[in-house]
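Open the model in your viewer and keep the selection panel at hand. This tour goes from stop to stop: select, look, move on.

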Amino acid sequence: MAQQSSNQTTGHVWDDDLKEYTNPLPRWWLWGFYLTIIFSVVYWLMYPAWPLGSSYTKGVPGVNSVKYVATTKDGQQVEKTTHWSTRAQLMADTNAAEGKQKEWFDKVAATSYDDIAKNPDLMQFVNAAGKTLFSDNCAACHQVGGAGHEAGNPQTNQSGFFAPNLADDYWQWGGTYEEISTTITGGRTGFMPAKGLAGSLTDEQITNVANYVLSLSGEPHNADAAKLGDEIFHNPGEGGCITCHGADGKGVPSMGGLNLTDKIWQWVDVSGQADEAGKVGVLHTAITGGFNHVEAMPKWGTRLKPEQIKLLTVYVHDTLGGGQ
Amino acid sequence: MKHDKIERNIGLMLVLILLAISIGGLVEIVPLFFIKDTVEVVKTADGKEMVRPYTPLEQRGRDIYIREGCYLCHSQMVRPFRDEALRYGHYSLAAESKYDHPFQWGSKRTGPDLARVGGKYSNDWHVKHLKDPRKVVEGSVMPNYPWLMDPLDTSDIAARMKALRTVGVPYSSGEEEYQRNVQTFGEEVAKTLRIEDAEANLKEQAQTGNYDGNKADVTEMDAMVAYLQVLGTMVDFKQFDDDYFATFR
């Protein structure tokens, strides 16, 4: 205390004995402060900093430039050098990172689907890169493993969300590489008109068609009604069901018509009904109402690059499995 | 001036503090109003602006987005970094939020960034997700918003657009402003910006867009999903060189 009291004070005295020293700042602190000022001057010179009317200083050319390769909208590669900016830096970062992946993406782009599947090295890349792409873009609906969501019974459970299972071997829109690629690129919107293709089926006709549909997969049904339903199903002027579900009821993949013969009931809860009347009932409701607000798969052609879509196609077809 | 004088005069100190602090803001913000590269030029080949004000329905959706506090967990700005580009897409442009009052950039991401969520999921996904997120995304911590299925109050949409027009959003009032919008955005867009037709346009978009899965009614869900589906979709980046927007910085 003796040492401190020898220092100068500001001269003020508060509350009888409260004084304030005027000690100088510690030297190390002061030098630190001067250094930050010097740093800021260097920073002003190196990086875009000072406004100049309608423009701004852009750093020292050559000292802090960014080099990158740009791709023009016509697909030309152009080498460029510019002043530092986060956006130019991102171009350079992307060039560097994509350079490493490019070799593999080029191989994927240049190889046929079948040969990719046979090549273990390429498949390793597809599995790794596909998992990331799938998680970022597809998993919100189809889940990480591709299991999707069951609709349950859309008639009674309006909050049930449907997304097809991609890990099984049933493909509503076709399971070949080409069909999967088309689905990813352009998206899909399912739709079933109410009361048949022409929308003109009567209640009785609908009951007959429901019985025929049940007969296709060996569910309990009324054989006489099914026979009448058979005709309506196949007559383009009446039911017109064959347009999408096919003459054999196995579905037309290009139309997204479901297979009615495989006992997989994705939209109508037939298997959940105990008796024939119940099964006819839910089908009757479905055919009467049609499906016009079914989940649409978005189109990814505008969001993803062609080689990414190709890689995802192989990922869905082979890694998740069940491709045709 | 003696420090003594400032410390003993609180009114003077207040004024001087305000002056000192505002220098920082003035130096950083004001020049951006004059630098021509601040807001990028985003035009189609035939010279129409790609970024347009929200349609009446989208604008109502935006208001609901703000009402529900979505910004507390979701940002709307993809920053120019590679990890963000990989997950969300192209970085956000200043031009893309030029009609946002207030903007929704944010920095709090409990949920994902939504600047480019438009078109990524189906309408139906959004409806089910907003009602009960865990129905579609296991483990999500987002709250349920089932009341969005309530009918939308469409009566005050014109007043809302007038308010935005006051702060510079080019919603048109009268023929002259409409013609100016036709020049800037093209006829199709200009029609949606007419304050006179606001309510009719809103209802028409809700019905034809069928965002909530029911054409008969206009719900808050219609507005919300219409808004989410337009986010980040106005600029077609394929029409530009991939470094075009870097040249503005």
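How accessible is Asp156(B): buried, partly exposed or exposed? At 24% relative accessibility, Asp156(B) counts as partly exposed. The classes are buried (under 20% relative accessible area), exposed (over 50%) and partly exposed in between, with a 1.4 Å probe and protein chains only.

Before the next stop, some ground rules. This is a predicted model, where local features need pLDDT of at least 70 and side-chain atom pairs count only at pLDDT 80 or more, while totals for chains, interfaces and linings use all residues. Residues are numbered from 1 along each chain as its sequence is written, chains are lettered from A and ligands numbered from 1 in the order in which they are written, and side-chain values use heavy atoms, with hydrogens and water left out.

**Stop 1**

The term means a side-chain nitrogen of Lys or Arg within 4 Å of a carboxyl oxygen of Asp or Glu. Arg160(B) is partly exposed, at 27% relative accessible area.

Next, select Glu177(B) and Arg165(B). This salt bridge spans 2.8 Å, N to O. Glu177(B) sits in helix H7 (residues 175–185) of chain B and Arg165(B) in helix H6 (residues 157–166) of chain B, so the pair ties together parts twelve residues apart in sequence. Helices (H or I, at least four residues) and strands (E, at least two) are DSSP runs, numbered from the N terminus. Glu177(B) is buried at 19%, whereas Arg165(B) is partly exposed at 33%.

Now select Arg79(B), Glu84(B), Arg109(B) and Asp113(B). Salt bridges link these four in a network. Within it, the closest N and O atoms of Arg109(B) and Asp113(B) are 3.2 Å apart. Asp113(B) is buried, at 5%. Arg109(B) is partly exposed, at 26%.

**Stop 2: Ala226(B)**

Select Ala226(B), in helix H10 (residues 220–230) of chain B. Ala226(B) is buried, with a relative accessible area of 2%. Which residues does Ala226(B) contact, leaving aside its neighbours within four places in sequence? They are Leu57(B), Glu58(B), Gln205(B) and Tyr211(B). Contact means heavy atoms within 4.5 Å.

**Stop 3: helix H10 of chain A**

Jump to residues 276–289 of chain A. This helix, H10(A), has 14 residues and reaches 20 Å from its first C-alpha to its last. Its buried residues include Val280(A), Leu283(A) and Ile287(A). Helix H7 (203–216) of chain A is part of what covers the buried residues of H10(A). Pick Lys279(A), also in H10(A). Lys279(A) is buried, at 8%. Its contacts beyond four places in sequence include Leu214(A), Glu219(A) and Pro220(A). Just after the helix, Gly290(A) takes a positive phi of about 65 degrees.

**Stop 4: the interface**

Show both chains. 42 residues of chain A are in contact with 43 residues of chain B. The area buried between them is about 3,500 Å², with carbon and sulfur atoms giving 51%. Buried area is the accessible area (1.4 Å probe) that two parts lose on being put together, summed over both. In chain A, Arg87(A), Leu90(A) and Arg303(A) lose the most area to chain B, together 21% of what that side buries.

Finish on Arg87(A) and Glu40(B). Their side chains meet in a salt bridge, 2.9 Å from N to O.

Conventions
The expected span of a helix is 1.5 Å times one less than its number of residues.
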